Amino acid sequence: MSPRVRIAIVGGGISGLTAAYRLRRALGPDAHLDLLEASGRVGGVLHTTTVGGRAVDVGAEAFIVRRPEALELVTELGLADRIVSPTPRRPAVWSGKRLHPLPSPALMGIPAGPAVVDGLADPEDVDRMSGESDRSMRWEAGTDTSVGQLVADRFGPSVVARSVDPMLGGVYSSLAGDIGVREALPALATRLDAGAPSLTAAVGDLIAAGAGASGPVFGALVGGYQVLLDALRAAAGVEPEISCPVTDVTPSGAGWVLDFGTARDPRPYDTVLLAVPAWAAGELLGRSAPDLSAPLRAVRGASSVVVSIALAPGTELPDHSGVLVGTGEALRAKAFTFSSQKWAHLSDADRPVSVRASFGRFGAVVPDETTEPGVDDRLRREALEDLDEVCRAAGVAPVSSRVVDAYVQRWDDGLPVYAPGHLAAMSQVLAARPSRLALAGSSYAGVGVPACIGRAGRAAAELLADLT
């Protein structure tokens with residue numbers, strides 16, 4: 001392989017940066033790597049900014065440590081001492097104008113039995129759960145349905161709205177009815193395929209199988225995700241070209257040519273890695289690979305908005321790590337994270353108290369400033385009004401008078417929708433990729449940071465194999 005190989009990585013999020021790092025390690029300092037980012041910064045949906053004088057994440061804030069990819073990468077980059085675990089506080093669920101304990105044990109919000117949702121779900125649905133094991137299970141192996149449809153049928157709609165929706169909504173910015181069982185809970189689909197006699201039995205088996213796992217589930221980085229982004233950028237030895245949108249990708253000989261419209265001259269590369277959302281990759285491949293482009297463009301995006309709030313030091317909050325809001329409730333926010341109570345490194349008594357409110361999901365897009373001038377001010381106001389109501393219900397004084405700073409971060413089409421059949425369609429896309437072109441990002445193998453890191457590593461390996 002020539003040490004002067006030229007590689008373009010389109011997209012400067014965690015996937016693009018990880019791929020650049022892996023390629024640099026494999027090819028050495030002489031390889032020519034261009035990291036091209038259309039927006040004005042790298043990081044994608046990972047974004048650390050300053051609110052109330054403190055560095056906070058206003059995109060993803062945590063990663064699963066029981067998956068190896070993120071933990072291994074952070075350790076490899078010498079950042080293991082930055083990893084912190086959540087405090088013992090638990091989130092609550094908002095339903096019926098009050099706070100309820102988050103159902104536990106549960107599998108991504110699917111309760112293990114009726115007792116854990118007694119008082120949260122409707123009484124008729126609690127009764128439905130009690131008799132679920134005695135009803136015949138209608139499940140055809142190999143097919144996919146939505147999580148919401150499955151759980152509503154077996155456990156009742158109030159269980160979906162008040163337990164499953166709040167959990168899945170925080171991960172996917174979509175309701176359970178929009179998310180496939182195989183996409184969100186592949187182990188559950190496998191159990192059902194194998195003939196589990198009921199949903200109760202399948203969920204119970206999976207919870208029992210994971211009961212022996214020890215240690216925390218989630219981790220975060222002191223200093224925020226910017227610490228990881230900076231370390232990847234330095235280790236990859238790349239200087240990202242920001243505000244550099246690519247308009248077309250076309251084959252040329254054994255490689256590819258990137259077009260930039262009228263902004264820059266076209267550039268030839270030996271290989272190209274598209275670390276952008278599926279629909280964006282589909283647009284770039286519309287002329288050169290139409291059969292690949294169509295399923296990529298069919299993937300839909302879910303939008304959301306984060307309002308990061310800094311409250312005066314010493315402000316009291318309900319004794320939880322956050323609040324997940326049930327579907328159909330009067331609160332406008334879909335969730336609150338009490339960051340200073342969830343993460344010990346943000347709990348200094350003499351520093352502002354950090355809270356984040358989340359709005360919007362697939363099918364319920366929050367307007368932007370063009371559509372609704374002043375919408376950011378409205379979101380700040382609604383976040384504080386909702387937070388005050390939660391505080392009053394918990395017997396805590398309202399906090400809206402104690403705000404010292406607030407920041408609104410919009411994520412337009414920030415996450416792909418993992419609808420039923422999504423993973424099967426993406427698997428076919430990856431199998432049909434052209435030589436010397438690879439795909440990475442949250443659209444292909446999961447939306448979490450570990451999944452993106454893992455897919456980026458595999459994409460880099462695919463390109464290396466093509467080159468050899």
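**Ground rules.** I worked on a predicted model, where local features need pLDDT of at least 70, side-chain atom pairs count only at pLDDT 80 or more, and totals for chains, interfaces and linings use all residues. Residues are numbered from 1 along each chain as its sequence is written, and side-chain values use heavy atoms, with hydrogens and water left out.

**Entry 1: cores.** I looked up the largest nonpolar core. A nonpolar core is a set of buried Ala, Val, Leu, Ile, Met, Phe, Trp, Tyr and Cys residues joined through side-chain atoms within 4.5 Å. Buried means under 20% relative accessible area, exposed over 50%, and partly exposed in between (1.4 Å probe, protein chains only). This core has 43 residues, and Ile7, Ile14, Leu77, Leu228, Leu232 and Leu273 touch the most other members. Two or more residues each come from β1 (6-10), α1 (14-27), β2 (32-36), α2 (68-76), α9 (226-236) and α15 (449-467). Helices (H or I, at least four residues) and strands (E, at least two) are DSSP runs, numbered from the N terminus. Helix α15 gives the largest share, 9 residues. Another core lies apart from this one; its 33 residues include Ile110, Val117, Leu168 and Tyr418.

**Entry 2: helix α9.** Which residues of α9 are buried? I noted Val227, Leu228, Leu229, Ala231, Leu232 and Ala236. They pack against α1, β2, α2 and β11 (218-221). I then checked Leu232 for contacts (heavy atoms within 4.5 Å). Leaving aside neighbours within four places in sequence, Leu232 touches Ile14, Leu17, Thr18, Tyr21, Leu73 and Leu77. Gly237 follows α9 and has a positive phi, near 65°.

Entry 3: I traced an open sheet of 3 strands, in the order β5-β11-β6, with antiparallel pairing. Two strands pair if DSSP finds at least two bridges between them. The edge strands, β5 (63-64) and β6 (83-84), each pair on one side only. Between β6 and β11 there are 2 bridges. Val84 has Ala220 in β11 as its bridge partner.

**Entry 4: rings.** Rings of Phe, Tyr and Trp (its six-membered ring) pair if their centres lie within 6.5 Å; planes under 30 degrees apart are stacked, over 60 edge-to-face, and the rest tilted. I found a count of 1 aromatic pair. The ring centres of Tyr172 and Tyr418 are 5.9 Å apart and the planes are at 50°, so the pair is tilted. Tyr172 is in helix α5 (residues 157-172) and Tyr418 in the loop between β20 (403-416) and α14 (422-431), so the pair ties together parts 246 residues apart in sequence. Tyr172 is buried at 9% relative accessible area, and Tyr418 is buried at 1%.

**Entry 5: salt bridges.** A salt bridge is a side-chain nitrogen of Lys or Arg within 4 Å of a carboxyl oxygen of Asp or Glu. I noted a count of 26. Lys342 and Glu61 form one, at 2.9 Å from N to O. Lys342 lies in helix α12 (residues 339-342) and Glu61 in the loop between β4 (54-57) and β5, so the pair ties together parts 281 residues apart in sequence. Glu61 is buried, at 15% relative accessibility. Arg433 and Glu462 also meet in a salt bridge, at 3.5 Å. Finally, shared partners join Arg332, Glu372, Arg378, Arg381, Glu382, Glu385 and Asp386 into one network of salt bridges.
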